[in-house]
There are 2 protein chains.
Amino acid sequence: MSRVTIKDVAKEANVSVGTVSRVINGEKNVSKENKQKVLKAIETLGYVPNTYARGLVSGKTNSISIVVPMIRTDFYDRLINSVDCVLIENNYESSIFPLLSEYRLKKFLEKSSILYHSDGILMSSLPVQKLFKDGVVPTEKPVVLIDMESNFYDCVYIDNHLIGRIAAKILLEKTTNLYVMTFIEPDTIFTSGVFKKRIEGFEEVLKENNLTFSSKKVFHSELNLHYALNEAMSILKRIQKFPVGFFATTDLFGYGLILAANNLNLEVGKDIFIVGVDGQPWTEDIGLTTIKQPIEEMSQLATNILLDKMNSKFSMSSRKSVKFDPLVIRRNSA
Amino acid sequence: MSRVTIKDVAKEANVSVGTVSRVINGEKNVSKENKQKVLKAIETLGYVPNTYARGLVSGKTNSISIVVPMIRTDFYDRLINSVDCVLIENNYESSIFPLLSEYRLKKFLEKSSILYHSDGILMSSLPVQKLFKDGVVPTEKPVVLIDMESNFYDCVYIDNHLIGRIAAKILLEKTTNLYVMTFIEPDTIFTSGVFKKRIEGFEEVLKENNLTFSSKKVFHSELNLHYALNEAMSILKRIQKFPVGFFATTDLFGYGLILAANNLNLEVGKDIFIVGVDGQPWTEDIGLTTIKQPIEEMSQLATNILLDKMNSKFSMSSRKSVKFDPLVIRRNSA
DNA sequence: CTGTTAGCGCCTTCAT
DNA sequence: ATGAAGGCGCTAACAG
């Protein structure tokens, strides 16, 4: 523990603790002279405000919590970095809480979790309704959701249904011989169901075009390239009719398909058309047409909304629900 | 803010705040009768202890901070999960702090960072000497290092030099035509230099065997499979002499090499031998011989050491420095 | 075993 | 503009 307190600083500077407190908190009702003295005292004593004491009385920590389902994908990496950029400008810090296990979830269900010891909570890609009792995060602090729709909390998200629709439209320009490669989310309370929504949108467009589409045309893979490549090989080998179009519900699967196609001497953009999702930077290298989620913009907006909420003394600010549009990046795969 | 305090509970249960406090903190000097009353009152009132008040007086938060360089690799994923397992048993929580940017580092240099608002700090793969002024983490809380040697802090690490040596010995059983595929850490204060050490160990053995080894035989890649695969393809295409042996300083690169080899119709375990590092679970699927870091064991031990430190009232417990041995897992790639 | 009480370090009126 | 004083909610020491 830091032994030097506001009292010591006051003594050193020959002022009262009240004055020191005012200086620390950047109030203006302090004479320049005294301000200098206090600043100097703080410097020489190496004083650091005690956050607990501060939190006890004011309830502020100048930090927010970021809750994500996992932390080892490009998506969350970019998200966290974007959030941090906004926090920097506002002199905030962030702690990260990946919802890695049931145990962690159990902790997060309790009001006393350190998750809620910050000034606000940013939650990404998590099905709040399923996760929390009555769909309510157990805290009075402001909560903003990213990549998830909600009728109760502020949220910034993208229409995954629309992503599927767009993918279908792009592919239909090329062929009606269509397949899907996706990830089957295990149906636990952790899953948000985005992949499902993408496929629903996709099928919807096919139906609108009077095309039949059976579940036999939906293949699945795990979320790693190794698996995706294997699966893509096996799928492509079985396909009889070309050209063929693939909706890859995430770029990774598009990658697998391209690798497999190369391997089987299928020409991408001619024998096989592929549309991925996420707009990962490396899709450019492999020429994958992709539907980008503007993660950076979404994250930044969500952070700003959260900061606003936190700093508006009146909690009457209305709920914001911002839907972003997917961004189509066309390359030679479709 | 939770409006109900310990006082309210005391009133509701017809006991004193002292008794309530004892119940909350699991002390045994409480009659069963009173304990029940208090528990019931807590239940009906929905009381939640205020952490700031608690922290103010006792300095405890029942949480630790985990600091890692980044969060999107298998390594840190496993590390964090292992730490969590130990925390579960001890009713602790963890916050995660990835050192993603210079800005974050700047924050972490200040004593007031939320990083230090926990009861202890677990730091992984970070060059404390370079990062912090005088090599000292700005906190009085206990600090334990994982995957990093130190003369000052408790640490649990593995001999990366030895990993390189082992890899060389395995490969030399097969061929003397050796290459390295590694990650070139930018030489910033963030980098720990583990890759470099692995290569040094590798070269050392070659020298001991009177084999020349030039830096031309060291190829590098970024830490993602896409890049690794591309690089592996380009390397393998240029190689004239087979069989060839590759030291992949992390499993990911071994994966890239295997994929590339398959693609180029090279037989792994015959035309090309590969040794990876880390012992990732998926190496089994792809038949990659790997040198495992016992991440789980290391993480768990480090956590236990930290918990010990935190709970020993006397800070005189001696510094512990534990070196783990790498574990060789042989498969058909070498 | 239980109640009482003195702070922990800080912010915030309230006088001055 | 400044100082004095009263808590914030809790733990821990002490007295019973």
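This is a predicted model: local features need pLDDT of at least 70, side-chain atom pairs count only at pLDDT 80 or more; totals for chains, interfaces and linings use all residues.
Figure 1. The contact is made by 53 residues from chain A and 50 residues from chain B. Between them, chain B and chain A bury about 4700 Å². Carbon and sulfur atoms account for 58% of that area.

**Figure 2**

**Figure 3. Polar and charged pairs across the interface.** Two salt bridges are counted between chain B and chain A. In a salt bridge between R104(A) and D84(B), the closest N and O atoms are 2.5 Å apart. There are also 18 residue pairs in polar contact across the interface of chain B and chain A, with both residues at pLDDT 80 or more. On the side of chain B that touches chain A, at least two residues each come from α4 (51-58), α5 (74-89), β2 (93-98), α6 (102-108), α10 (225-238), α11 (251-263) and α12 (283-286) of chain B. The element that gives the most to this side is α5(B), with seven residues. By residue class, the side of chain B that touches chain A has 22 nonpolar, 17 polar and 11 charged residues.

Figure 4. In chain A, the peptide bond joining F242(A) and P243(A) is cis, with omega about 0°. P243(A) sits in the loop between α10 (225-238) and β8 (244-248) of chain A. In chain B, the bond from F242(B) to P243(B) is cis, and its omega is near 0°. The loop that holds P243(B) runs between α10 and β8 (244-248) of chain B.

Figure 5. S125(B) is not a glycine, yet its phi is positive, about 55°. The residue belongs to the loop between β3 (120-124) and α7 (128-131) of chain B. S125(B) has a relative accessibility of 4% and counts as buried, because the limit for that class is under 20%. D147(B), a residue other than glycine, has a positive phi near 60°. D147(B) is placed in the loop between β4 (143-146) and β5 (154-158) of chain B. With a relative accessible area of 7%, D147(B) is buried.

Figure 6. V48(A) is found in the loop between α3 (32-45) and α4 (51-58) of chain A. Its relative accessibility is 15%, so V48(A) counts as buried. From V48(A) to Q129(A) the C-alpha to C-alpha distance is 40 Å, and the two residues are 81 apart in sequence.

**Figure 7. Salt bridge between R78(B) and E296(B).** The closest N and O atoms of R78(B) and E296(B) are 2.9 Å apart, and the two residues form a salt bridge. R78(B) lies in helix α5 of chain B and E296(B) in helix α13 (residues 295-311) of chain B, so the pair ties together parts that are 218 residues apart in sequence. R78(B) is buried at 11% relative accessibility, whereas E296(B) is partly exposed at 25%.

**Figure 8. Salt bridges within chain A.** Over all chains, the count comes to 18 salt bridges. Side chains of opposite charge can pair when their charged atoms come close. The side chains of R165(A) and E204(A) meet in one such bridge, at 2.4 Å from N to O. This pair links distant parts of the chain, 39 residues apart: R165(A) is in helix α8 (residues 160-172) of chain A and E204(A) in helix α9 (residues 194-208) of chain A. R165(A) has 16% relative accessibility and counts as buried, while E204(A), with a relative accessible area of 31%, is partly exposed. R165(A), E204(A) and E208(A) are joined into one network by salt bridges that share partners. Another salt bridge is formed by the side chains of K133(A) and D134(A), at 4.0 Å from N to O. K133(A) and D134(A) are both exposed.

Methods:
Residues are numbered from 1 along each chain as its sequence is written. Chains are lettered from A and ligands numbered from 1 in the order in which they are written. Side-chain values use heavy atoms; hydrogens and water are left out. Contact means heavy atoms within 4.5 Å. Buried area is the accessible area (1.4 Å probe) that two parts lose on being put together, summed over both. A polar contact is a pair of N or O atoms within 3.5 Å; within protein, one must be able to donate a hydrogen and the other to accept it, and residues adjacent in sequence count only if both atoms are side-chain atoms. Helices (H or I, at least four residues) and strands (E, at least two) are DSSP runs, numbered from the N terminus. Ala, Val, Leu, Ile, Met, Phe, Trp, Tyr, Cys and Pro count as nonpolar, Asp, Glu, Lys and Arg as charged, and the others, Gly among them, as polar. Buried means under 20% relative accessible area, exposed over 50%, partly exposed in between (1.4 Å probe, protein chains only).
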